[in-house]
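User: I would like a close look at a single part of this protein, followed by an account of how its surroundings are packed. Please keep the answer connected and define the terms as they come up.

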Amino acid sequence: MVQIERLADLKPVHQRQAAVLALWRWRAPVFAFELDAEWGVDQAALESLFQLAASPASEQSDRAFQQAIAELCTAPLFTSEVDPDTVQLFQLETISSLLTFGELLDKPGVDIAERVVEGSAGLANYLDDLVEGSFYSHPSEEAHRDYLANLAYQAGEGYFASRNFAVESACHSALRALPDAAGLLDSLTGCELLALCEDFGEELITTMRWLRATGH
């Protein structure tokens, strides 16, 4: 419960930004792979949702996000059955988290912010399970083992879950010092946190490509 308590200690504006950063960790993996054409989801529209989420909070940006969500929900994806492969499952779960973020704009509260933050942790745990269950040795298996062995805090989790927690912790600590009026895209600290999440996202992409290549 350490993660939830830390989020609850943040101001509402920073809880919202923590949710954005949790989304941002999976932004690069979503766009690194082509979206299924049958979903009818426009990649540019999806990117615009990430940009709007990270923009400074305002009535105008919130309204634009909600309008973009409403348009997204008219896609065939939301009215047909989908049988995703492993990579597509990550894409779908991230899209679902974007929808949850829309709920946060309608009804701010730590419980909804937690759902977005926990969604990122859940995907990282799932990726660890896939790596652990693979018939093939992960190319960075030794480096990941060394990383876990050198952790000061032993959570008994896999590499990606531990990395997600480390990035999340760094983000939450930095958000405490961010002025309430500052956004993520318009402040130096915010941009640094987004870059930190993007770096983690690049790690995720590498492993997801490996999973797809090995036929998981």
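In which helix is Phe-200 found?

Analyst: Phe-200 is found in helix α10, where helices (H or I, at least four residues) and strands (E, at least two) are DSSP runs numbered from the N terminus. This is a predicted model, in which local features need pLDDT of at least 70 and side-chain atom pairs count only at pLDDT 80 or more, while totals for chains, interfaces and linings use all residues. Residues are numbered from 1 along each chain as its sequence is written, and side-chain values use heavy atoms, with hydrogens and water left out.

As for confidence, the protein chain has a mean pLDDT of 92, with 95% of its residues at 70 or more; pLDDT is the predictor's confidence in each residue, from 0 to 100. Residues 1-5 have pLDDT below 50, and this stretch has eight contacts in the model beyond near neighbours in sequence. Where pLDDT is low, the predicted coordinates should not be read in detail.

Phe-200 counts as buried, at 0% relative accessibility (buried means under 20% relative accessible area, exposed over 50%, and partly exposed in between, with a 1.4 Å probe and protein chains only). Setting aside neighbours within four places in sequence, Phe-200 is in contact with Arg-25, Phe-160, Arg-163, Asn-164 and Val-167, contact meaning heavy atoms within 4.5 Å. Val-116, by comparison, lies 84 residues from Phe-200 in sequence and 17 Å from it in space, C-alpha to C-alpha.

The cysteines Cys-171 and Cys-197 deserve a separate comment. The structure holds zero disulfides, a disulfide being a pair of cysteine sulfur atoms within 2.5 Å. The sulfur of Cys-171 has its closest cysteine sulfur in Cys-197, at 3.9 Å, which is too far for a bond. Cys-171 counts as buried at 1% relative accessibility, and Cys-197 is buried as well, with a relative accessible area of 0%.

Val-116, mentioned above, also belongs to the lining of the largest cavity, together with Ala-22, Leu-23, Trp-26, Glu-93, Thr-94, Ser-97, Gly-119, Ser-120 and Leu-123. On a 1 Å grid over the protein atoms alone, a cavity is a set of points where a 1.4 Å probe fits but cannot get out, a pocket is an open set with protein on both sides within 12 Å along at least five of seven lines, and lining residues have an atom within 4 Å of a point. The volume of the largest cavity is about 50 Å³, volume being the space filled by probe spheres set on the points, which are joined across faces, edges and corners. The largest share of its lining, four residues, comes from α7.

The largest pocket holds about 350 Å³ of space. Of its 16 lining residues, Asp-128, Val-131, Glu-132, Glu-141 and Tyr-159 are the closest to its centre, and α7 gives the most to this lining, with five residues.
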